[in-house]
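Here are my notes on the model, as numbered points. Please read them with the coordinates open.

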Amino acid sequence: MMITMMMMRMMMMPLAMMSPAEVSSQSKASAAAKLKYVSLGVLVLQTTSLVLTMRYSRTLQEEGPRYLASTAVVFTEVIKIIACVILVFRDHNCSMRGLNQVLKEEIVNKPLETLKLAIPSGIYTLQNNLLYVALSNLDAATYQVTYQLKILTTALFSVSMLGKRLGVYQWLSLVILMMGVALVQWPSDPQKSPEEKGMEQEMPTGSQFVGLLAVLVACFSSGFAGVYFEKILKETKQSVWIRNIQLGLFGLVFGVMGMLAYDGKRIKENGIFQGYNKVTYAVVLLQALGGLVIAAVIKYADNILKGFATSLSIIFSTFISYFWLADFVPTSLFFLGAVLVITATFLYGYEGKPVTSSSKV
């Protein structure tokens, strides 16, 4: 008993020697670090499930018209706004008066700050529509490999817009990551059934070009909008949920405009919920959840680290396709690519956070 008490005292001595401010600072830093990695883990899970369900929903053969991607983007923004309002309401002790006051002060009374979110919001809306176009026209391997170009575009925009300086190991890790992802998703060209070959011959080449172009534009828009949003978050002390409400409001306006412009006639004929099923609702919910998780990741990490989490989700998607969907056969290139991706992930964190230059951008 005496030995146990002495050990407990020795363990508590470092805490007793620290001031209350130091203890509080360490606890906050530890909580922030845990929240960062939890957010990254949830992002991996969300991205994996989103890619699988979105691809499945765009290729599912059912009677009647297919659901309209523009309506799914609009409903995603609606759910995101509702979720953020609930989070702000919770942060203000579930007080309606506090909620109304903060929304009025931060959104209505600061029109210039609110208008700053119009640019990334419009780009995000375009990007979300482009991803539906890409997954409707490209196979999963081509889509996933090409979309990883957003990691490189994010790094370049981070250097140019945020004044970040990446170390040698970080640049090397970006190159290794791109090589690893390409090897993991490299098409193996297995023997296909006559039905599959017939489907490939019936697919128009124009649709593949449209899908590839959609992914490329989405990569550049994702890199620019993500870094722009990160810069706004780090320049102000505004709540990340308030910022997402502002993003959602502009996104809703842009989404409705695009929906009416491109699909207004079909909506009049078959309704706004045409082609919706359980898979479609799951895609909408996953995409809305992904937006909130990405906001938390940007707040506690950065966009490049978010890109690594997305790359890891590709590996998990491939495993799920093999073990559950049984539509993928792993090759030696897959295992080599997986090792490279994991190595790149650890290599990026070797030097810690990128050093920020003293010059302001």
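**Notes on the predicted model**

1. In the largest nonpolar core, which has 24 residues, the members that touch the most others are M54, A72, Y132, Y143, Y147 and V215. A nonpolar core is a set of buried Ala, Val, Leu, Ile, Met, Phe, Trp, Tyr and Cys residues joined through side-chain atoms within 4.5 Å. Buried stands for under 20% relative accessible area, exposed for over 50% and partly exposed for what lies in between (1.4 Å probe, protein chains only). Two or more residues of this core come from each of helix 2 (20–59), helix 3, helix 6 (118–137), helix 7 (140–147), helix 11 (205–235) and helix 13 (278–300). Helix 6 gives the most, five residues. Helices (H or I, at least four residues) and strands (E, at least two) are DSSP runs, numbered from the N terminus.

2. Basis of the values: this is a predicted model, in which local features need pLDDT of at least 70 and side-chain atom pairs count only at pLDDT 80 or more, while totals for chains, interfaces and linings use all residues. Residues are numbered from 1 along each chain as its sequence is written, and side-chain values use heavy atoms, with hydrogens and water left out.

3. Beyond its neighbours within four places in sequence, Y132 is in contact (heavy atoms within 4.5 Å) with M54, R58, Y67, A69, A72, V73, V283 and Q287. There is also a second, separate core of 23 residues, with C84, A225, F229 and L247 among them.

4. E77 belongs to helix 3 and is buried, at a relative accessible area of 4%. Its contacts, again leaving aside neighbours within four places in sequence, are N128, L247, G248, G251 and L252.

5. How do helix 3 and helix 4 pack? Helix 3 and helix 4 (residues 96–108) meet at an angle of about 115 degrees, with their axes 8 Å apart. Axes are lines fitted to C-alpha atoms, for helices over the stretch in contact, and angles run from 0 to 180 degrees between N-to-C directions. V85, V88 and F89 of helix 3 and M96, L99 and V102 of helix 4 make the contact.

6. Confidence: pLDDT, the predictor's confidence in each residue from 0 to 100, has a mean of 75 for the protein, and 71% of residues reach 70 or more. The mean is highest in helix 3 (residues 69–91), at 91, and lowest in strand 2 (residues 355–356), at 42. Over residues 353–361 pLDDT is below 50, yet this stretch has 19 contacts in the model beyond near neighbours in sequence. Where pLDDT is low, the predicted coordinates should not be read in detail.
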